[in-house]
Amino acid sequence: MSAALPKVLCLKKGVLLKQVFALSRAATPRESHLCAAGDALLSCHRHYRSHPAHGIGRFKYLLPKEVPKKKKDRVQMKEINAGTDYEYGDINIQMTSYDMCLVEHFAQYVHKLCNRLSIRVNESYAMPTKTEEVLFLEGRGSKPQLDAVLTTHQRVIQISHLSSTFAPILLEIIQSNQPEGVHLLVKEHTEADFKSRLKARPELEELKAQMN
Amino acid sequence: MAASSAVHCGLHRGAVMAAPRARWACGMAAPRSWRLFGAVCLLRLPRITQPLQKEEEEMTALMGQIELEKSHYSDHEIRKLEEEELLRRRKESAYDDEEPGKTVIMAQDLEDKWEQKFLRFKAAPRITDADESNSRTSLNRKLDRNLMLLVKQKIGNQELWLLPQEEWQPGETLRNTAERAMATFLGDHIEAKVLGNAPYGIYKYKFPRAIRTEDNVGAKVFFFKAFLQSSDLSQAEKKGNHLWVTKDELGDYLKPEYLKKVNRFLLDLPVLNKY
């Protein structure tokens with residue numbers, strides 16, 4: 001049955017195609033599910049180049065050309081703080097802890113809370129982990145013996161358009177639900193915070209210093 | 001002096017007022033018929049998290065077990081397993097090879113050392129109110145709940161338990177009035193922070209007819225919330241009539257109408273957790 005189909009498709013055109021497909025859908029329930037299921041676009045029998053209906057579904061060449069996005073670091077937006085509406089600009093909520101699961105769960109909680117309270121969350125990112133080695137000095141003057149490795153994890157959630165009447169309530173909720181062992185810091189977003197996420201480029205700085 | 005018996009006015013205001021500050025700051029020329037008070041609700045935030053419920057505990061145990069079974073060995077555990085293997089092989093082969101690892105610290109020794117250190121560590125008790133035997137004047141009670149300050153104030157000719165309040169002087173903001181109230185009752189060096197300029201609630205009452213005049217219809221009390229930063233209040237408490245209570249215990253001390261207004265802006269923890 002499927003062998004007969006290509007011949008049918010080549011001979012008839014246009015409106016008859018759909019009828020043929022309807023027949024084939026009823027006749028061949030098992031084989032070639034793709035043909036049986038949909039319309040002509042989903043067909044696995046595409047016309048050859050010499051067929052008049054070749055390229056019948058093309059449309060991408062008709063769309064306007066998109067300029068490819070440049071991969072540059074975006075400059076941050078800064079909003080005025082005390083406008084007439086008394087709204088805060090970008091605010092960073094930084095959560096730091098030694099326990100990664102705890103701080104991640106808390107960050108998720110704060111994010112969901114902001115979603116629930118319709119506060120716009122701009123970004124939610126993690127700062128790189130800092131590892132510290134703690135060496136215990138056993139007795140006076142002896143070599144440091146025991147050591148422990150402490151990892152500090154930090155998660156940052158950036159929110160904006162927080163009204164000044166709602167800010168105390170939000171802060172109270174976050175503070176009350178703060179788990180033990182998590183440091184909370186709420187501050188305004190500055191350029192320094194933005195730059196701290198980027199890697200330092202020593203060659204560029206050297207060249208700049210040479211220029212100046 | 002404001003009177004004690006409060007006749008609750010039918011009007012009803014929202015808990016958070018978004019009124020601009022200019023309205024309260026500029027002195028009104030016409031005399032007000034309502035007297036204004038600023039009150040502060042000083043909160044000590046909870047210090048430890050609430051105990052888990054039964055379902056939460058079961059879930060934590062189950063998740064912990066699943067994670068343990070799915071996890072890989074850590075460096076320390078790999079080292080420990082290798083050393084155990086080495087020891088076993090050495091015993092079976094009856095000390096064939098020389099013992100190069102005599103001075104090396106084994107992983108098992110480290111574990112014993114850590115275990116001993118852990119046994120020496122003593123955690124602070126979670127339930128100190130058991131020690132304090134429910135003395136409501138101390139701050140160490142109920143470490144997992146919010147505690148707020150109540151003071152006994154003389155209003156009219158009655159002594160009442162209230163949130164500390166002060167009368168508003170023209171020329172200052174209501175927030176300053178609330179901070180002043182806090183300072184009068186707790187001393188100047190209080191590490192408490194009022195977070196916003198907007199009040200959290202309002203309580204309005206009319207004076208009893210005996211005292212009511214044309215100019216002095218009643219009083220409005222605006223509540224502000226402050227958070228206690230440090231828990232060291234030893235040098236601050238001068239007057240003895242103060243209490244630190246939780247939201248449930250407020251009902252024992254406050255009048256019902258007052259309590260109704262105060263309860264509107266108090267967030268209690270089991271409710272917050274529902275988010």
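**View 1. Phe265(B) and the residues it touches.** Leaving aside residues up to four places away in sequence, Phe265(B) touches Cys41(B), Tyr200(B), Gly201(B), Phe223(B) and Lys225(B); contact here means heavy atoms within 4.5 Å. This is a predicted model, in which local features need pLDDT of at least 70 and side-chain atom pairs count only at pLDDT 80 or more, while totals for chains, interfaces and linings use all residues. To find your way around, residues are numbered from 1 along each chain as its sequence is written, chains are lettered from A and ligands numbered from 1 in the order in which they are written, and side-chain values use heavy atoms, with hydrogens and water left out. Phe265(B) sits in the loop that runs between helix 7 (256-264) and helix 8 of chain B. Helices (H or I, at least four residues) and strands (E, at least two) are DSSP runs, numbered from the N terminus. Is Phe265(B) buried or exposed? With a relative accessible area of 5%, Phe265(B) is buried; the term means under 20% relative accessible area, with exposed being over 50% and partly exposed in between (1.4 Å probe, protein chains only).

**View 2. The salt bridge between Lys225(B) and Glu172(A).** Let us stay with Lys225(B) and look across to the other chain. Lys225(B) and Glu172(A) form a salt bridge, and their closest N and O atoms are 2.7 Å apart. A salt bridge is a side-chain nitrogen of Lys or Arg within 4 Å of a carboxyl oxygen of Asp or Glu. The pair crosses between chains, linking helix 5 (residues 167-176) of chain A, where Glu172(A) lies, to strand 8 of chain B, which holds Lys225(B). Both ends are covered: Glu172(A) counts as buried because its relative accessible area is 1%, and Lys225(B) counts as buried because its value is 2%.

**View 3. The interface of chain B and chain A.** How many salt bridges are counted between chain B and chain A? The count is one. Across this interface the rule also finds two residue pairs in polar contact, both at pLDDT 80 or more. On the side of chain B that touches chain A, the elements giving two or more residues are helix 4 (107-120), strand 8 (218-228) and helix 8 (269-272) of chain B. Helix 4 of chain B gives the most to that side, with four residues. A polar contact is a pair of N or O atoms within 3.5 Å; within protein, one must be able to donate a hydrogen and the other to accept it, and residues adjacent in sequence count only if both atoms are side-chain atoms. In total, 26 residues from chain B and 18 residues from chain A take part in the contact. About 1900 Å² is buried between the two chains, and carbon and sulfur atoms give 65% of that area. Buried area is the accessible area (1.4 Å probe) that two parts lose on being put together, summed over both.

**View 4. Salt bridges within helices.** Over all chains, the count comes to 16 salt bridges. In chain A, Glu191(A) forms one with Lys195(A), with the closest N and O atoms 3.1 Å apart. Both residues lie in helix 6 (residues 191-196) of chain A, four residues apart, about one turn of the helix. Glu191(A) is partly exposed, with a relative accessible area of 45%, and Lys195(A) is partly exposed, also at 45%. In chain B, the side chains of Arg175(B) and Glu179(B) meet in a salt bridge (3.3 Å, N to O). This pair lies in helix 6 (residues 174-186) of chain B, four residues apart, about one turn of the helix. Arg175(B) is partly exposed at 22% relative accessible area, and Glu179(B) is partly exposed at 29%. Elsewhere, salt bridges that share partners join Glu85(B), Arg88(B), Arg89(B) and Glu92(B) into one network.

**View 5. A nonpolar patch on chain A.** Which residues form a nonpolar patch on the surface? They are Phe59(A), Tyr61(A), Leu62(A) and Leu63(A), with about 460 Å² of accessible area together. Patches are made of residues with over 30% relative accessible area and no salt bridge: like charges are joined within 9 Å, nonpolar side chains (Val, Leu, Ile, Met, Phe, Trp, Tyr) within 5 Å. Accessible areas come from the Shrake-Rupley method with a 1.4 Å probe; for residues, only the protein chains shown count as cover. Phe59(A) is found in the loop between helix 3 (33-37) and strand 1 (87-88) of chain A, and counts as partly exposed at 47% relative accessibility.
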